[in-house]
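Hi,

Here is the structure I promised to send over. Have a look at it first, and then read on for what turned up.

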Amino acid sequence: MSDKKQPVSRRQFLNYTLTGVGGFMAAAMLSPMVRMAVDPVLKPKEAGEFHATGTEVANITKEPTRVDFSFEQKDAWYVSEVSKTAWVYKNEDGDVIALSPICKHLGCIVKWEGGSGHENRYYCPCHGGLYEKSGENVPGTPPLAPLDQYKIKIQDGMLYLGEIIPNKVV
Ligand code: FES
């Protein structure tokens with residue numbers, strides 16, 4: 001066995017050096033790109049987000065009124081405009097109630113007093129579903145659950161709506 005050291009040739013030294021520097025430069029260039037692509041996915045969604053409806057609480061009556069509102073939604077790196085609708089009214093105690101218009105049968109859109117014979121009720125034109133003002137489904141019609149409701153926030157006299165939750169009025 002020989003103790004003779006193998007000298008590194010100039011060619012090998014250049015190879016090692018260029019490989020190391022090249023790898024370092026590639027990592028430095030790629031890391032911001034990878035971070036930019038992955039960052040929105042890793043970001044936690046803001047909990048309890050509320051959206052402006054442009055509706056003054058003072059103008060809300062005991063009669064359900066259609067409120068349309070929209071907001072920008074970020075889904076990872078994709079930004080889209082989302083439009084939503086609510087049926088909004090004040091109950092006997094003066095509390096604001098905002099109901100989702102999505103029928104609990106098969107997802108059609110319900111209307112307050114959607115036709116003759118449906119006075120003081122929400123009506124779903126798809127299969128004749130009916131709901132009371134509180135969102136309670138009328139027995140004997142297709143929906144088997146009450147309309148969902150929005151979380152609400154009142155700030156500076158204006159109505160803000162949040163996520164849709166199961167009906168707590170009924
Ligand atoms: S979808 Fe509303 S009654 Fe069927």
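A search of the whole structure finds one disulfide (a pair of cysteine sulfur atoms within 2.5 Å). Before the details, a word on where this comes from: it is a predicted model, so local features need pLDDT of at least 70 and side-chain atom pairs count only at pLDDT 80 or more, while totals for chains, interfaces and linings use all residues. Residues are numbered from 1 along each chain as its sequence is written, and side-chain values use heavy atoms, with hydrogens and water left out.

**Cysteines**

The disulfide joins Cys108 to Cys126, with 1.9 Å from S to S. It links distant parts of the chain, 18 residues apart: Cys108 is in the loop between β4 (96-99) and β5 (111-112), and Cys126 in the loop between β6 (122-124) and β7 (129-131). (Strands are DSSP runs of E, at least two residues; helices are runs of H or I, at least four; both are numbered from the N terminus.) The torsion about the S-S bond is about -95 degrees, so this disulfide is left-handed.

How accessible are the cysteines? Cys108 is partly exposed at 22% relative accessible area, and so is Cys126 at 37%. Cys103, at 4%, is buried, and Cys124, at 2%, is buried too. (Buried is under 20% relative accessible area, exposed over 50%, partly exposed in between, with a 1.4 Å probe and protein chains only.)

**Salt bridges**

The count comes to five salt bridges (a side-chain nitrogen of Lys or Arg within 4 Å of a carboxyl oxygen of Asp or Glu). Among them:

- Asp68 with Arg66, 3.1 Å from N to O; Asp68 is partly exposed at 46%, as is Arg66 at 44%.
- Glu132 with Arg121, 3.1 Å from N to O. Glu132 lies in the loop between β7 and β8 (149-155) and Arg121 in the loop between β5 and β6, so the pair ties together parts eleven residues apart in sequence.
- Lys151 with Glu163, 3.1 Å from N to O. This pair links strand β8 to strand β9 (residues 158-165), twelve residues apart.

**A nonpolar patch**

Val8, Phe13, Leu14, Tyr16 and Leu18 make a nonpolar surface patch of about 590 Å². (Patch residues have over 30% relative accessible area and no salt bridge; nonpolar side chains are joined within 5 Å, like charges within 9 Å.) Tyr16 sits in helix α1 (residues 10-42) and is exposed at 58%.

Cheers

Notes. Accessible areas come from the Shrake-Rupley method with a 1.4 Å probe; for residues, only the protein chains shown count as cover.
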